[in-house]
Protein chains: 2
Amino acid sequence: MQNERSEILISQFGSASQLQKSENSFSTDLKNDEVLIDVKYSGINFADIMMRLGLYPDAPPKPFIPGYEVSGVISQVGSSVNDFKVGDEVMAGSRFGGYVSKLVVPEWQVVKKPSHLSMEEAAATPVNFITAHLAMNEFGRVRRGDKVLIDCATGGVGVFCLQMAQTLGAECIGLTSTPAKKEFILSYGAKAYTFEEFEKSDENNFNFILNSTGGKKVKDLFKRLDKAGQLTCIGLQATIHNGKTSLPRKLKAVLQTPFYHLIQLMQNSKSVSGFNALKFFDDKRWMINIMKELESSTYKPHVGKVFAASDVTKAHEFIETRQAKGKVLLKWS
Amino acid sequence: MQNERSEILISQFGSASQLQKSENSFSTDLKNDEVLIDVKYSGINFADIMMRLGLYPDAPPKPFIPGYEVSGVISQVGSSVNDFKVGDEVMAGSRFGGYVSKLVVPEWQVVKKPSHLSMEEAAATPVNFITAHLAMNEFGRVRRGDKVLIDCATGGVGVFCLQMAQTLGAECIGLTSTPAKKEFILSYGAKAYTFEEFEKSDENNFNFILNSTGGKKVKDLFKRLDKAGQLTCIGLQATIHNGKTSLPRKLKAVLQTPFYHLIQLMQNSKSVSGFNALKFFDDKRWMINIMKELESSTYKPHVGKVFAASDVTKAHEFIETRQAKGKVLLKWS
């Protein structure tokens, strides 16, 4: 069977204006373990921007549909699907393909929408929650009494990290670019510094540091780790400035991001790591457990702004120019 | 007040025959927080050998007394010491200075000997227990269900790691150089492989790997980590072969030990670390908690061989020629 859906495709690398919404047919012949979701909202991630700029090595060949997460309602289920029925409100992670009005995914990438989340919040949750969960509970394995630094505290991942640190009983410090956002960090029981204030501070002995920039900042953060402390890098925001990147800028950020020799780590008694949460998205072995965590989570994302799916160009530009505070979503109707 | 004690000093770098026992006077004017221990046994560590060879950058200036751990009986206490009294059986960690018949140390480096340990076992415990504890509980933060690899399973640290893995409920694999030692690993509920068998095996998806060699083996181990897995290096045994090292050999091992770029770690979603447990020994903030762990530990070391302190040359040679299976001790009488 064929059905019609709206899709947003990346068919050429370049500016946000390349993104176009179009109507296309797709097959509704589901595999046994698949479900069809009538998508209400799609989440936008920084990786989507990188992908559109041609800076994301793991992107599929063009043309492709970006997007890692949606919320919506189940409208059809495969023959072996027992956990979902038509009408269930759900959220789902998908590795690419999320910028669509109707999404087919295997059931293990889907969970019921927790009742404390709105449909908007549900679309804003999977990628950021999973990233924060991996950082705090799998890489950092943060526990009571740890001292934790979140350098992207007002971003989508950071909001979840602040909540997790509070629940875990860790002492948490959140960084932000502007003094105005400090209040937001404080509201989660964390200490707040601007980047400038923090650089001048003598805060150190961190057990876990989450870094989202890469680049030259990493060296200073590494010094501030306690013995046995771990620095985890989840992004290279240093490659982008005011919504623009360039090969020289990218090269500079990569070159300034340090190498660590194992012997140097031994001498410092420290740990470095990094990850791309999106690579866990098509690893069923991991996702089955992660989606359980997601379903039972009581945390809330911060939704920044919702754009109509037809305004996807504006939505990308909004993120690239750093206007976003909280998650940016596309609304399908 | 002055008193006499036996000391073993490193006054020249070189072969084990350089080590000499001599009688020297020392001050028994204790600081408030110090205790004097009548030493029964001193533990020998691989770092002592490296130090004697001149390969240990953090060693104090010559001449100095090596040695990181002792067992013995308290024979005098400083004015503010409340937790110990004369006659208490204790074990202690000390950063250098342990090859002596009478040792002065701050009380926070001392704990009462747990009743399940003999005096011999107590001297065989601090360094290896603390190293294993840091590896498993601070770096790896190993938990139930984790898959763990210990590449030095029949060594002093490995024995504690095997016991900790069992207690934590982790699935553990231990490696050894000789098939004859596999039985020993199996007795702790772990799986056992020789290095050769393991290289050919497809064991992978480890959450935590403890590596004691450095060198080219690290690359293969890194590949065998699961996503979010951590490799921790605690030694460079690759620099020593049949009790001998040389500058070319050392250089080769160091050059073959890999660098990790943070971006490479991100792409692999993995973690690398290393540490030198001995650097924690003079960090009071850390030691206070570690010594509590040590005091309440129910684990047992494996004592390999005891030499009279006057036979320290033979004891070092015994370790360098890889005859040791279990901890080697010096006995003072």
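Author: A quick word on labels: helices are DSSP runs of H or I with at least four residues, strands are runs of E with at least two, and both are numbered from the N terminus. Keep in mind that this is a predicted model. Most residues other than glycine have a negative phi, and most peptide bonds are trans.

Start with Phe96(A), a non-glycine residue whose phi is positive, near 75°. You'll find Phe96(A) in the loop that runs between β5 (89–93) and β6 (102–106) of chain A. Phe96(A) counts as buried because it has 20 C-beta neighbours inside 10 Å, and 20 or more is what the cut-off asks for.

Ser269(A) isn't a glycine either, yet its phi is positive at about 55°. Its place is the loop between α9 (262–268) and β14 (271–274) of chain A. Ser269(A) is buried too, since 25 other C-beta atoms lie within 10 Å.

Next, the peptide bonds. Going from Lys62(A) to Pro63(A), the bond is cis, with omega near -10°. Pro63(A) sits in the loop between α1 (46–52) and β4 (69–77) of chain A. In chain B, Lys62(B) and Pro63(B) are also joined by a cis peptide bond, with omega about -10°, and Pro63(B) is in the loop between α1 (46–52) and β4 (69–77) of that chain.

Terms used. Residues numbered from 1 in each chain as written. Chains lettered and ligands numbered in written order. Predicted model: local features only at pLDDT ≥ 70, side-chain atom pairs only at ≥ 80, totals over all residues. Buried ≥ 20, exposed ≤ 12 C-beta atoms within 10 Å, placed from the backbone.
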